[in-house]
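Good morning, everyone, and thank you for making time for this. Please have the sequence and the structure open while I talk, and I will go through the points in turn.

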Amino acid sequence: MALETLQIEHVPSDHHVYAALFRHVQNVDFLQAQLIGKNPEFEYAFIDASVLISRTHLFAAIFRALNTLTEGTLQTPNVHSDIVIGLSPTNNISESYRRYGLTPSKTRDVLVIKIVYPKLSCENSTISSSEQQQTPESIWQHLTAHIQGTPTPLTDEELAKSTDWAKVRKYYKLNGVPGVERIDKVDEAGRRREMEGLVVSGIALRGL
Amino acid sequence: MPFPANVPLHPSQLQTTEANGKQKFAKINNHHHNSTRNHITDSDRTFKPAQNPENTITKLMDTSPQSPPTKKRKMATDTIAAAAPAAIEDQQEHQFPLPTILTHPSATPPILITQGAEGRLYKTTFFSPNIPCALKYRPPKPYRHPILDARLTKARLAFEAKVLERCRREGVPVPAVYAQNAAAGWIAVEWIEGAPVRVKINEWLGQRPRNEEEEKEADAKEKGPLVELMKRIGAAIAGLHRTGVVHGDLTTSNMMLRPPAKSTTDQGKETNGVNGVGSEEAQEKAKLLEGDVVIIDFGLANQSQSDEDRATDLYVLERAFASTHPRAENLFEHLLESYKQTFGKKGVSVLHKLEDVRMRGRKRSMIG
């Protein structure tokens, strides 16, 4: 069990995406405190796994954030926080953090994303030099040292286990949508596929 | 004419002129008739629009003597693209630079599927290597002012994306949007498996007896599946119109027939309908027309609730249908019938309006 390197289509080759899923995380408050304290060592995207449907759902948000990064139009301080708000179909940033990021004493399963990419030298030089040295091994060490949870393979099956559909339906406004309702209730897989399509569309269309 | 006379123009600037459509056609032909290519470029260079545009158009047209009308050109490009995508890609790769998004690595290289008047369509994969997608790219137009160009491209793509999402939510079968960057001019949507309805209908018609007497005999029992298909198309269009969207370019090329997925409940219905047909051969034939009708290409779509616009949509389809499938023209009424049934009261008034539109053509302003 280690850090997974995500291969996302049409992402520049010098941008590396690493991900890991931790179950039953005990120290969510600590992790969130690091984010609020803007601790540069904790520049990760922490996502509440219960709002994720599948890997495709996750990829859509990461892709969107990477796209804004390469375009130079990030909406938040860094690409990692942009991944978290990238999950949202709405433009409300603080609401997005609350819904898709960590919530102390509520979040149990945490998905961690780390993006490593060559930063321009004009940015803060001390950070950029330490960033450059980050390897999957060093990231993994840092994560396992600070996250008290059970590392779990990041598969569609594992993600589906912890999906809170009531939340997903609410956040992505999927309650009573004709496109989903017209599918037979018996065909749960078909309904979920349709909802996944709508969730991905919602992510893609934010801001239009 | 905004250009001074006697100044040689860059070929791309030509597109501002009235010759636009025809000239592009000549350019497209380049890919297939390489021998004519130099010739065209030469005549481009000597093009003096202020002096005699007509003359040059003729010249350009001359370079491709068997110029089919616009509709057929699209078909030709389609067929070739379907037959040998690799060859097309080879030729066109050099012709058009890829959009930036497609220059980033992917598991399989993008394939140029077709080229329209405003943009190009690539097949590629999105998110993961096992998710095929259609990426529509609207390149910047050199003949427009850059600021205006950026705004138009962005607005049109954004609109298309919104319409697609809206239809999807309402349960109209359209591709899902995977990602978009309207500012950069691209939108990635779900890849619909299967073939355009046009191809399927022609394939089906092609298998039927050519002899007229035999045809009449076969009609009664064999047209069943085609009638069914027409009904499904009618229902799909009614669904689209009900969400307050008019397509703007309805043709049988802009609808896909997606083969039924194995596990869906739809399949049962589909095969039940076929059982009545009889012989094995007929069943196989009928399978050709199985599947969901998925409407694609919302590049010209508009939001409208008016009967006029909806009727125009149907009229455009009717005309396109009659010219692409003359042998099945008489089946169009089934489409309208099912449209009316699905749409209810409003459908009746749309069909009523359709009568008017038929009388005068699709442009209302042409009456006076």
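Predicted model: local features only at pLDDT ≥ 70, side-chain atom pairs only at ≥ 80, totals over all residues.

Let me start with a question: why are E188(A) and R192(A) separated by about one helical turn? The reason is that E188(A) and R192(A) are four residues apart in helix 10 of chain A, where helices are DSSP runs of H or I with at least four residues, strands are E runs of at least two, and both are numbered from the N terminus. Their side chains meet in a salt bridge at 3.4 Å, N to O, a salt bridge being a side-chain nitrogen of Lys or Arg within 4 Å of a carboxyl oxygen of Asp or Glu. By this rule the count comes to 22 salt bridges over all chains.

Residues are numbered from 1 along each chain as its sequence is written, chains are lettered from A and ligands numbered from 1 in the order in which they are written, and side-chain values use heavy atoms, with hydrogens and water left out.

Now to the interface. Chain A contributes 31 residues to the contact and chain B contributes 33 residues, contact meaning heavy atoms within 4.5 Å. Between them the two chains bury about 2,700 Å², 58% of it on carbon and sulfur atoms; buried area here is the accessible area, taken with a 1.4 Å probe, that two parts lose on being put together, summed over both. In chain A, the residues that lose the most area to chain B are E9(A), H10(A) and L208(A), together 29% of what that side buries.

How many salt bridges are counted between chain A and chain B? The count is one, and in a salt bridge the side chains of E194(A) and R168(B) meet at 3.1 Å, N to O. Across the same interface of chain A and chain B, the rule finds 15 residue pairs in polar contact, both at pLDDT 80 or more; a polar contact is a pair of N or O atoms within 3.5 Å, where within protein one must be able to donate a hydrogen and the other to accept it, and residues adjacent in sequence count only if both atoms are side-chain atoms. Helix 10 of chain A supplies the largest share of the side of chain A that touches chain B, nine residues.

Turning to chain B, an open sheet of five strands has the order 1-2-3-5-4, with antiparallel pairing, and two strands pair if DSSP finds at least two bridges between them. Strand 1 (111–115) and strand 4 (177–181) of chain B each have a single partner strand, so one side of each is left without a neighbour in the sheet. Strand 1 of chain B is joined to strand 2 (residues 120–125) of chain B by four bridges, and a hairpin connects these two strands through four residues. Within this pairing, L112(B) has Y122(B) as its bridge partner in strand 2 of chain B.

A further open sheet in chain B has three strands in the order 6-8-9, again with antiparallel pairing. Two bridges join strand 6 of chain B to strand 8 (residues 255–258) of chain B, and P196(B) stands opposite M256(B) in strand 8 of chain B.
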